[in-house]
Amino acid sequence: MQTPEQIKVESKTWKTIYPPYIDSTLTTAQGRRLGKSNCVPHPQMMEISQCLSSLGLRHVIDQHAGYPRDIFQQGRIKVRLYAEDKKPYNPQIKCKHTLLQSIAKMIKSIPNRKVEVPPYLAQMEIEKQNKPVQKKQTSNKKKHKNA
């Protein structure tokens with residue numbers, strides 16, 4: 001059995017998956033990697049882990065790693081897609097993109113899935129709703145036409 005340190009060193013060459021990659025509530029600028037119709041709202045780390053286990057892929061969960069585009073988003077999963085001879089462990093999944101599609105499809109098929117909004121996002125929504133709307137200040141200066 002490998003120690004956590006050995007697994008961490010070995011997993012440096014594995015593919016990294018952050019939950020925002022398949023989050024339908026985000027834009028592509030915020031980190032979504034698939035089309036909205038292929039994604040799910042607020043995917044959880046454990047859901048992704050269960051999907052990877054059912055696909056037969058070895059993976060490691062790193063709860064404390066931060067997502068570079070959003071400092072409040074914590075957690076990532078390192079996945080081993082290929083064996084030492086560069087052949088995929090699962091012949092249906094040959095690249096990271098197809099892996100993300102498969103994970104999102106499996107999460108969508110979970111019956112009675114509860115969508116849990118992360119606490120920091122819920123707080124941001126409350127603040128956004130309570131913020132008063134500011135009117136744009138317009139200048140009273142008349143524009144002169146150059147004749």
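In helix 2, the residues Met45, Glu47, Ile48, Ser49, Cys51 and Leu52 are buried. The structure is a predicted model. The buried residues of helix 2 pack against strand 2 (58-67), strand 3 and helix 3.

**Nonpolar core**

- The largest nonpolar core has 23 residues, of which Ile22, Leu52, Leu57, Val79, Leu99 and Ile103 touch the most other members.
- At least two residues of this core come from each of helix 2 (45-54), strand 3 (70-80) and helix 3 (96-108).
- Helix 3 provides the largest share of the core, namely five residues.
- Leu52, one of the buried residues of helix 2, touches Leu57, His59, Ile77, Val79, Leu99 and Ile103, when residues up to four places away in sequence are not counted.

**Contact of helix 2 with helix 3**

- The two helices pack at an angle of about 110°, and their axes are 9 Å apart.
- Angles of 65 to 115 degrees count as roughly perpendicular, and helix 2 and helix 3 are therefore roughly perpendicular to each other.
- The crossing in which helix 2 passes helix 3 is right-handed.
- On the side of helix 2, the contact involves Glu47, Ile48, Cys51, Leu52 and Ser54; these residues meet Leu99, Ile103, Met106 and Ile107 of helix 3.
- Sorted by class, the residues of this contact are seven nonpolar, one polar and one charged.

**End of helix 2**

**Arg58 in strand 2**

- Arg58 belongs to strand 2.
- Arg58 counts as partly exposed because its relative accessibility is 36%, a value between the limits of 20% for buried and 50% for exposed.
- Between Arg58 and Leu81, the separation is 23 residues in sequence and 7.9 Å in space, C-alpha to C-alpha.

**Arg76 in strand 3**

- Arg76 is placed in strand 3.
- With a relative accessibility of 24%, Arg76 also counts as partly exposed.
- Apart from neighbours within four places in sequence, Arg76 is in contact with Thr16, Ile17, Tyr18, Met45, Val60, Ile61, Asp62 and Ala65.
- Among these contacts of Arg76 is Met45, which is a buried residue of helix 2.
- Arg76 and Pro20 lie 56 residues apart in sequence, with a C-alpha to C-alpha distance of 9.6 Å in space.

Terms used: Residues numbered from 1 in each chain as written. Predicted model: local features only at pLDDT ≥ 70, side-chain atom pairs only at ≥ 80, totals over all residues. Heavy atoms only, no water. Core = buried A, V, L, I, M, F, W, Y, C linked by side-chain atoms within 4.5 Å. Buried < 20%, exposed > 50% of the residue type's maximum accessible area, 1.4 Å probe, protein only. Helix = DSSP H or I, 4+ residues; strand = E, 2+ residues; numbered from the N terminus. Contact = heavy atoms within 4.5 Å. Axes fitted to C-alpha atoms, helices over the stretch in contact; angles between N-to-C directions. Parallel < 35°, antiparallel > 145°, perpendicular 65-115°, else oblique. Left-handed = near helix turned anticlockwise from the far one by under 90°. Nonpolar A, V, L, I, M, F, W, Y, C, P; charged D, E, K, R; others polar.
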